[in-house]
Amino acid sequence: MSTFETLLYDVTGHVATITMNRPEVANAQNTALIDELDAAFDLADADDEVRVVVLAGAGKHFSAGHDLKALIGDTEPDEWRRMRDTPEGKWQHEKVMYFDRCLRIRDFRKPTIAVVQGKCIAAGVMLACMCDLIVASDDASFQNPVLRMTGAAVEILVEPWEMPARKAKEFLLTAQTLEAVDAERLGMVNRVVPREQLDEVVAELAQSIALVPPATAQVVKRSINKTLDLQGQRDAYDYHFQAHHWMHNTSTALDALAARQQKGSMKEVFAEHRDAEASSEGTDS
Ligand code: ZN
């Protein structure tokens, strides 16, 4: 049995389940979590018994996105964060840890299912969308509100591939909260099920995929991904990653970052963000 600090890894029959396990921070993705996700996918890849991988999040929410506290908060910077002082270091950090690690899941040879409950925000959306199927509970919602904080979305722009372009623009430009049923209607989510049935439905779905001989499932997955590549998905992802980084280094973004760091308290930054939300949507999430 493998031991991880930030996730749980379980194999039952032909199904490996990787569960992000930082519920106290809504499974915010820090360096340790991203590294361990990669290692868990290595295990699932190497295990011939495993035919399907389920990616889930423990607790109330799937994932709040990248761990911003670890990135610009008061905690001791890790080697990746220290790199972010220069544009090229920032590029390297996000290319290796965000872009490549995510695409590795997208390209993972065995079929994958993301299980989304509660909030799925920003890089949480990016991560879920790397999986082949997404099953959501009826209390799940999706949001990518980083434009309001100057970010040109996150590192991989999945939205135009997950919903019609006009809806993708609305989703991003208005920081819209997309409920699970709406995400299903737009095609981003395969199924929406009551929260209490989520695990059962995912287990059934995974088992039905496991009935396909692994070589067949992997060939078909690769062909569908190749179809998306031929439609330009990979090039569009590459383009956006560069554009995203150009934005990171504009005065618009740098001034906002400096203001945030000066405040020194991420609480204030998040409170400010919540206030902006509340005034635009009339809700306080
Ligand atoms: Zn970024």
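A residue is called buried here if its relative accessible area is under 20%, exposed if that area is over 50%, and partly exposed in between. The model under discussion is a predicted one. By this criterion strand 6 (residues 133–137) is mostly covered, with 4 of its 5 residues buried.

**Strand pairing**

Strand 6 has pairings with strand 4 and strand 9. With strand 4 (residues 112–116) the pairing is parallel and extends over 4 bridges; within it, valine 116 stands opposite alanine 136 of strand 6. With strand 9 (residues 191–193), strand 6 forms 3 bridges, again in the parallel sense. Alanine 136 also faces a residue of that strand, standing opposite valine 192.

Threonine 12 stands opposite valine 15 of strand 2. The hairpin made by strand 1 and strand 2 has 2 residues between the strands, and glycine 13 adopts a positive phi near 60° there.

A further sheet is open and consists of 3 strands in the order 5-7-8, with mixed pairing. Strand 5 (119–121) and strand 8 (178–179) are its edges; each has a single partner strand, so one side of each lacks a neighbour in the sheet. Strand 7 (residues 141–143) runs antiparallel to strand 8, with 2 bridges between them, and phenylalanine 142 stands opposite leucine 178 of strand 8. The table gathers pairings described above.

| Strand pair | Sense | Bridges |
|---|---|---|
| Strand 4 and strand 6 | parallel | 4 bridges |
| Strand 6 and strand 9 | parallel | 3 bridges |
| Strand 7 and strand 8 | antiparallel | 2 bridges |

In soluble globular proteins, nonpolar side chains tend to be buried together. The largest nonpolar core of this model comprises 59 residues, and those with the most contacts inside it are Ile18, Leu37, Val53, Val116, Met130, Phe142 and Ile156. Another core, of 15 residues, lies apart from it and includes Val15, Ala56, Leu205 and Ala210.

Leucine 37 belongs to helix 1, where Leu33, Ile34, Glu36, Leu37, Asp38, Ala40, Phe41 and Ala44 are buried. Setting aside neighbours within four places in sequence, leucine 37 is in contact with Leu7, Ile18, Met20, Leu55 and Leu127. The buried residues of helix 1 pack against strand 1, strand 2, strand 3 (52–57), helix 4, strand 4 and helix 5 (123–129). Helix 1 has 16 residues and reaches 23 Å from its first C-alpha to its last, close to the 22 Å expected at 1.5 Å a residue.

**Aromatic pairs**

The structure holds 4 aromatic pairs. In one of them, the rings of phenylalanine 41 and phenylalanine 108 have centres 5.0 Å apart and planes at 75°, so the pair is edge-to-face. This pair links distant parts of the chain: phenylalanine 41 lies in helix 1 (residues 31–46) and phenylalanine 108 in the loop between helix 4 (87–106) and strand 4, 67 residues apart. Both phenylalanine 41 and phenylalanine 108 are buried.

The rings of tryptophan 91 and phenylalanine 241 also form an edge-to-face pair, because their centres are 5.6 Å apart and their planes stand at 70°. Tryptophan 91 is in helix 4 and phenylalanine 241 in helix 11, so the pair ties together parts that are 150 residues apart in sequence. Tryptophan 91 counts as partly exposed at 28% relative accessibility, whereas phenylalanine 241 counts as buried at 2%. Ring pairs link Trp91, Phe99 and Phe241 into a cluster.

Note on methods: Residues are numbered from 1 along each chain as its sequence is written. This is a predicted model: local features need pLDDT of at least 70, side-chain atom pairs count only at pLDDT 80 or more; totals for chains, interfaces and linings use all residues. Side-chain values use heavy atoms; hydrogens and water are left out. Two strands pair if DSSP finds at least two bridges between them. A nonpolar core is a set of buried Ala, Val, Leu, Ile, Met, Phe, Trp, Tyr and Cys residues joined through side-chain atoms within 4.5 Å. Buried means under 20% relative accessible area, exposed over 50%, partly exposed in between (1.4 Å probe, protein chains only). Contact means heavy atoms within 4.5 Å. Rings of Phe, Tyr and Trp (its six-membered ring) pair if their centres lie within 6.5 Å; planes under 30 degrees apart count as stacked, over 60 as edge-to-face and the rest as tilted. The expected span of a helix is 1.5 Å times one less than its number of residues.
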